Amino acid sequence: MSETFTIAIPMAGLGTRMRPQTWSKPKPLIHLAGKTVLDYVLNQFQSVPRFKDAQFVLILGPNQEDQVIPYMREKHPDKKVRYVIQEEMRGQSDALYLAKEYLKGSMLMAFSDTLIKTDLSFLDNEIIDGIAWVKAVPDPRRFGVAEVTKAGHIKRLIEKPKGMENNLAVVGFYYFKKGADLVAAIQKQLDEDISLNGEFFLVDAINLMIKAGSTMRAQPVDIWLDAGKPGALLETNRYLLENSNDNSSAAGKREKVTIIPPVYVHPKAEIKNSVIGPHVSVSQDAVIENTILKNSIVEQGAIINNMVLENSIIGRSAAVRGRAEIMNIGDNSWIEI
């Protein structure tokens, strides 16, 4: 029988681009379209051969374990999970190096704010040393990109190129046939201090692998969703509601509530005299009254009264009362206008 896969997910970052949402919760536990970002990250691996036997390695920051570990035990009790703590934020390669004891066989790696749709069932028969999933973008200058041969083999990865000639953005999703080869490249990267502003980036380790003779290819992907910034999170929420998690028919059974699909409204959310949608996600125990709400995410236990809100993210147990605004309200906030 073929070996099981290890799936590594570095998620120890401080989530500064998602503040204030991440002041009191890890970025992967932000809700959208009925689930957390972490749920979607884990579920994108379901086509991996023997997924039920896969070992997950979650690399957490010291401020995350008190929320992530209980969440995994409650929501994903059947998954085999190892936890590694990255005490100091020294970059992606450093995070993976801390987990080196678990990264020995075939492995996949994805960043905790990267969501893609791809079929992974072919990996049992894959003979190449590594794969980087990529997507062509109009302007590659704010991404890492893959420089490839005509056969699709990767010559090198370039972080934030100055030119436009290479437009295959690296989406942050990788396969390595031998995790030990990646660990060895990271060891060399650390020894030679190949870093930028004190951070060790994975693209540099992969370039060292390629220089040492590893063969990697680029794998195009059609769907690439970003959950790392507020605007991108709302776009991802829209896509997921339009393509999977719309429960408008059930949500529309409330009296004096108008639902404009697609939306996700948790069955335990309380909504009165309101118009919800389109593209709205409402989490458990949220209370919404006399409100018009569209293209927004409302987290668990939030209260919204007498508002017209659009393009907004309302955090856990936040309270918003007053007039129409655009808001990004962190957990446990209280606003009255």
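This is a predicted model: local features need pLDDT of at least 70, side-chain atom pairs count only at pLDDT 80 or more; totals for chains, interfaces and linings use all residues.
**Exercise 1. Work out which strands stand at the edges of the open sheet.**

Solution. Begin with the strand order, which is 15-18-21-24-26, with parallel pairing. Strand 15 (263–265) and strand 26 (328–329) each have a single partner strand, so one side of each lacks a neighbour in the sheet. Now look at one pairing: strand 18 (residues 280–282) and strand 21 (residues 296–298) run parallel and are joined by 3 bridges. In this pairing, serine 281 stands opposite isoleucine 297.

**Exercise 2. Decide whether alanine 269 is buried or exposed.**

Solution. First locate alanine 269 in the loop between strand 15 and strand 16 (270–272). Its relative accessible area is 8%. Buried means under 20%, so alanine 269 is buried. Next, list its contacts beyond four places in sequence: Arg254, Val282, Ser283, Asp285 and Ala286.

**Exercise 3. Classify the ring pair of phenylalanine 45 and phenylalanine 173.**

Solution. The ring centres are 5.2 Å apart and the planes make an angle of 20°. Planes under 30 degrees apart count as stacked, and this pair is stacked. Then place the partners: phenylalanine 45 is in the loop between helix 1 (37–43) and strand 4 (55–60), while phenylalanine 173 is in strand 11 (residues 168–176), 128 residues apart. Both phenylalanine 45 and phenylalanine 173 are buried. To finish, widen the view: ring pairs link Phe45, Phe51, Phe56, Trp133 and Phe173 into a cluster.

Definitions and conventions: Residues are numbered from 1 along each chain as its sequence is written. Side-chain values use heavy atoms; hydrogens and water are left out. Two strands pair if DSSP finds at least two bridges between them. Helices (H or I, at least four residues) and strands (E, at least two) are DSSP runs, numbered from the N terminus. Buried means under 20% relative accessible area, exposed over 50%, partly exposed in between (1.4 Å probe, protein chains only). Contact means heavy atoms within 4.5 Å. Rings of Phe, Tyr and Trp (its six-membered ring) pair if their centres lie within 6.5 Å; planes under 30 degrees apart count as stacked, over 60 as edge-to-face and the rest as tilted.
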